[in-house]
Amino acid sequence: MKAFLVAVAAALVLATAASFLLGENQRFAYQAFATSGARVSDPGTNLVGPRWTGDIKEPGKAGHHKAEAGS
Amino acid sequence: MRRRLTSIALLAATLALTAPAVAQVRAPDGAPNPTASSVNEEMLFKQDPKIHGRISIPNATAANLIQPQGREWREFREAWLPWIGGLVVLGMLAALGLFYFTRGRIRLEHSEESGRKILRFNSFERFSHWMTATCFIVLSLSGLNYIFGKRLLMPLIGPEAFATLAQYGKYAHIYLAWPFMLGVLFMLVLWIKDNIPGKIDWIWLKQGGGLLGDAHPSAGRFNAGQKMVFWMVVGFGLAMGATGIMMIFPFAVTDINGMQIMQVIHSLIGVVFIAGILAHIYIGSLGMEGAYDAMGSGEVDLAWAKVHHDLWVKEQQAKTASGPQLGRGQVPAE
C-alpha cells in the first residue's frame, strides 16, 4: 500500500512539473497566430476578449449578444 | 481579287485552327464556360498533394488550404475508430467474462508451505508498476473520452459538464503521459533480464499456461504470458510515447499528414493496449487467487510461488544462504 501511495504521489508531482515545463512553451493564440497589425488590443486569454461571458441570447429573443469583445 | 482570295483563305485557316479552342470553353450543355481552361483543383493536385496559399501571419501552417488526406483521416477518426475501439475493448471484456464464468477463478493450491511468504517484488519494483498503472488508467479513460465522450458521455451529462470534463481529461492525458513514460522505462530496466524469451516459454505456451488442464508448466520469475505482457507494455508504451510526443509538439517533427498518421497509430495501439491490460488486470486480481499479493504487499505465498514459478523459487532458494531475498517477517523459501 505504501508503494502504491508513493507511486500516485510521484505521478502527481511529475505531472505537475510537466504542466509547468510544457506551459513555458505555450503562447496565447492571439500571440502565436496573429501579427501585431492584426491585434486590436490585448484580448486576454482568447480571441473574443476578457469580458466574454459565453452567454449568447437567441436571435429571436434579443437583437444583440450580451457578451462583449475585449475592444 | 487575288489579294481578297488570299485574305479569305487566311481567315478560313484561322477559324479552322481556333475552332477546337472555342469548343473547349463551352460547358457540356453548350453554354459558354470561360473558366473551363483555368487552373483547377485536379491540376494543382498533380503538382503537390496539398494546395497552399500565401499568408502573412506568423502561423505558416494556416497557408494550407486543401489537404485531401485530412478527409481520409476524418473518416477514420469519426467513422472507423469508434467501431474498432468499441469492438476491441468490449470484445476483450466479453472474452474475460466468458472465461470467468466457464473456467472460474484459479484457486490457490494449499500445501505444507501455505502461509509462508517469499518476496516477489521489492518496493521500487512495486512503485514503478503502480506509477505506470495509475497513469495508464487515467490515460485510458481520458483517451477513450477522445473517441467516445461526445457520443456516449455528452448526451448523459450535457455539453457544459462534458466540455469541462473533456478539458480536464485533456490536461490529465498530456501531463500524466510523462510519469507513465518514465514508469515504462523503469520497468524496462528492472525486468528485461527476466523477460528474455526461452525454450521454457514455448513449453509453457504449448501447455496453455496451465489454464487448459490441471498441470502447471514450469516457469522462471516470469512465465510466457507475463513476458508477453511485459513486451506489450514496453513496445506499446514506447510507441504511444513517441506518437504522443509528436502530437504534443505539433509540427515540431512532422507535418499535418504525419501527425494524422501518428494519431491513427496512437489510437489503434491505444485500444489494443487497453484490451491487453484488461486481461492483465483480470488475471492479476479476480482471475487468480494469490496473484495480487505479488504487487500488493510484494510477498506471495510460497505454495503459490512453487506452483506458478517453480524455477524462480529454486533460484531464490539457492540464494537464501546469503539472505538477499529475505525481508521483514519472511522465512527462507525452502
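Helices (H or I, at least four residues) and strands (E, at least two) are DSSP runs, numbered from the N terminus.

## Model and overall make-up

This is a predicted model, in which local features need pLDDT of at least 70 and side-chain atom pairs count only at pLDDT 80 or more, while totals for chains, interfaces and linings use all residues. Residues are numbered from 1 along each chain as its sequence is written, and chains are lettered from A and ligands numbered from 1 in the order in which they are written.

Chain B holds 11 helices and 4 strands. It has 334 residues, of which 23% count as buried. A residue is buried if 20 or more other C-beta atoms lie within 10 Å of its own, exposed if 12 or fewer, and partly exposed in between, with C-beta atoms placed from the backbone. Two residues are in contact if their C-beta atoms, placed from the backbone, lie within 7 Å. Among the contacts in chain B with a separation of 6 or more, 65% are between residues 24 or more positions apart.

## The side of chain B that touches chain A

Contacts between the chains involve 16 residues of chain B and 17 residues of chain A. On the chain B side, α4 (123-157) and α5 each supply at least two residues, and α4(B) gives the most, with 7 residues.

By class, this side of chain B has 12 nonpolar, 3 polar and 1 charged residues. Here Ala, Val, Leu, Ile, Met, Phe, Trp, Tyr, Cys and Pro count as nonpolar, Asp, Glu, Lys and Arg as charged, and the others, Gly among them, as polar.

## Helices α4 and α5

The axes of α4(B) and α5(B) come within 7 Å and cross at roughly 155°. That makes α4(B) roughly antiparallel to α5(B). Axes are lines fitted to C-alpha atoms, for helices over the stretch in contact, and angles run from 0 to 180 degrees between N-to-C directions. Angles under 35 degrees count as roughly parallel, over 145 as roughly antiparallel, 65 to 115 as roughly perpendicular and the rest as oblique.

α4(B) passes α5(B) in a left-handed crossing, meaning that the near helix is turned anticlockwise from the far one by less than a right angle. The residues of this contact divide into 21 nonpolar, 10 polar and 2 charged.

## Helix α7

Helix α7 of chain B has 25 residues (224-248), which should span 36 Å at 1.5 Å a residue; its end C-alpha atoms are 35 Å apart, which agrees. The expected span is 1.5 Å times one less than the number of residues.

The buried residues of α7(B) include B:Ala224, B:Val233, B:Gly237 and B:Met240. What covers the buried residues of α7(B) includes α5 (159-191), α6 (199-206) and α8 (256-284) of chain B. B:Leu188 is in α5 of chain B and is partly exposed, with 17 other C-beta atoms within 10 Å. B:Leu188 and B:Val233 are 45 residues apart in sequence, and 9.0 Å apart in space, C-alpha to C-alpha.

## Helices α7 and α8

α7(B) and α8(B) pack at an angle of about 150°, with their axes 9 Å apart. That makes α7(B) roughly antiparallel to α8(B). Their crossing is left-handed. The contact includes B:Phe236 and B:Met240 of α7(B), and B:His266 and B:Phe273 of α8(B). Its residues divide into 12 nonpolar, 7 polar and no charged.

B:Gly241 lies in α7 of chain B and counts as partly exposed, with 18 C-beta neighbours inside 10 Å. The C-alpha atoms of B:Gly241 and B:His266 are separated by 8.7 Å, and the two residues are 25 residues apart along the chain.
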